Amino acid sequence: MIILSKLADYGVILATHLATHPERQETAAAIAAATRLPPATVAKLLKALAHAGLATATRGAAGGYRLARPAVEISVAEVVAAIDGDIGMTQCSIHADDCERTTYCPTRPHWSAINRAVGTALSAVSLADMISPFAFLPAAKRADAAPETVRT
């Protein structure tokens, strides 16, 4: 089973929360309360998102955090990379020097292709997709599920 780190998971939760109200700046405390995540963890992750250029932080009484770009322009891969670093399915695919089997491992050359595939899949999903209830339905079902518009 492949599992993202808990911090990367929380980072995606925070980023999607910010995507739901792009016009609003929220404090770390308000975001922690809304997402029910620990305040210290939220503060740490928001700083990481800001450092990566995915969120902006404004100080002062009216300050807070918001996304730095529209949600449609920020991928889940960017959020995960901001928290965990490069996407790699195995330790050796990112830190080759840490593995003593590097010179003779028969699977090592193939992990880069797998890493690219996972990275491509995560890059194809934007924060806007993550907050849309219909984003992952087939097109025909999306049309059936979307509320009808009133024509005038």
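In the predicted model, the axes of H1 and H2 approach within 11 Å and cross at roughly 105°. The two helices are therefore roughly perpendicular to each other, since angles of 65 to 115 degrees fall in that class. On the H1 side, the contact is made by Ile13, Leu14, His17 and Leu18. Ile31, Ala34 and Thr35 meet them from H2. By residue class, this contact comprises 5 nonpolar, 2 polar and no charged residues.

H1 also packs on H4. Here the axes come within 9 Å, with a crossing angle of roughly 130°. That angle makes H1 oblique to H4. The crossing of H1 and H4 is right-handed. Leu7, Ala8, Gly11, Val12 and Ala15 form the H1 face of the contact. The H4 face consists of Val76, Val79, Val80, Ile83 and Asp84. The residues of this contact divide into 8 nonpolar, 1 polar and 1 charged.

H4 itself spans residues 76–84. Its buried residues are Val76, Ala77, Val79, Val80, Ala82 and Ile83. These buried positions pack against four helices: H1 (6–20), H3 (39–51), H6 (108–123) and H7 (127–131). Just after H4, Gly85 adopts a positive phi of about 90°.

These contacts belong to a wider fold. The protein chain contains 8 helices and 2 strands. Along the sequence, the elements follow the pattern α-α-α-β-β-α-α-α-α-α. Of the 152 residues in the chain, 30% count as buried. Among contacts between residues at least 6 apart in sequence, 59% join residues at least 24 apart.

In soluble globular proteins, nonpolar side chains tend to be buried together. In this model, the largest nonpolar core holds 28 residues. Val42, Leu46, Val79 and Leu127 touch the most other members of this core. H1, H2 (28–35), H3, E2 and H4 each supply at least two core residues. The largest share, 7 residues, comes from H1. Val79 is also one of the buried residues of H4 and takes part in the contact of H4 with H1.

Setting aside neighbours within four places in sequence, Leu46 contacts Leu14, Leu18, Ala28, Ile31 and Tyr65. Among these partners, Leu14 and Leu18 lie on the H1 side of the contact with H2, and Ile31 lies on the H2 side.

Ser126 is located in the loop between H6 and H7. Its relative accessibility is 7%, so Ser126 counts as buried. Beyond its neighbours within four places in sequence, Ser126 is in contact with Ala71, Val72, Ile74 and Ser75. Ala61 occupies the loop between strand E1 (55–58) and strand E2 (64–67). Ala61 counts as exposed because its relative accessibility is 91%, whereas the cut-off for exposure is over 50%. The C-alpha atom of Ala61 is separated by 9.6 Å from that of Thr27, 34 residues apart along the chain.

Terms used:
Residues are numbered from 1 along each chain as its sequence is written. This is a predicted model: local features need pLDDT of at least 70, side-chain atom pairs count only at pLDDT 80 or more; totals for chains, interfaces and linings use all residues. Side-chain values use heavy atoms; hydrogens and water are left out. Buried means under 20% relative accessible area, exposed over 50%, partly exposed in between (1.4 Å probe, protein chains only). Contact means heavy atoms within 4.5 Å. Axes are lines fitted to C-alpha atoms, for helices over the stretch in contact, and angles run from 0 to 180 degrees between N-to-C directions. Angles under 35 degrees count as roughly parallel, over 145 as roughly antiparallel, 65 to 115 as roughly perpendicular and the rest as oblique. A crossing is left-handed if the near helix is turned anticlockwise from the far one by less than a right angle, and right-handed if clockwise. Ala, Val, Leu, Ile, Met, Phe, Trp, Tyr, Cys and Pro count as nonpolar, Asp, Glu, Lys and Arg as charged, and the others, Gly among them, as polar. A nonpolar core is a set of buried Ala, Val, Leu, Ile, Met, Phe, Trp, Tyr and Cys residues joined through side-chain atoms within 4.5 Å.
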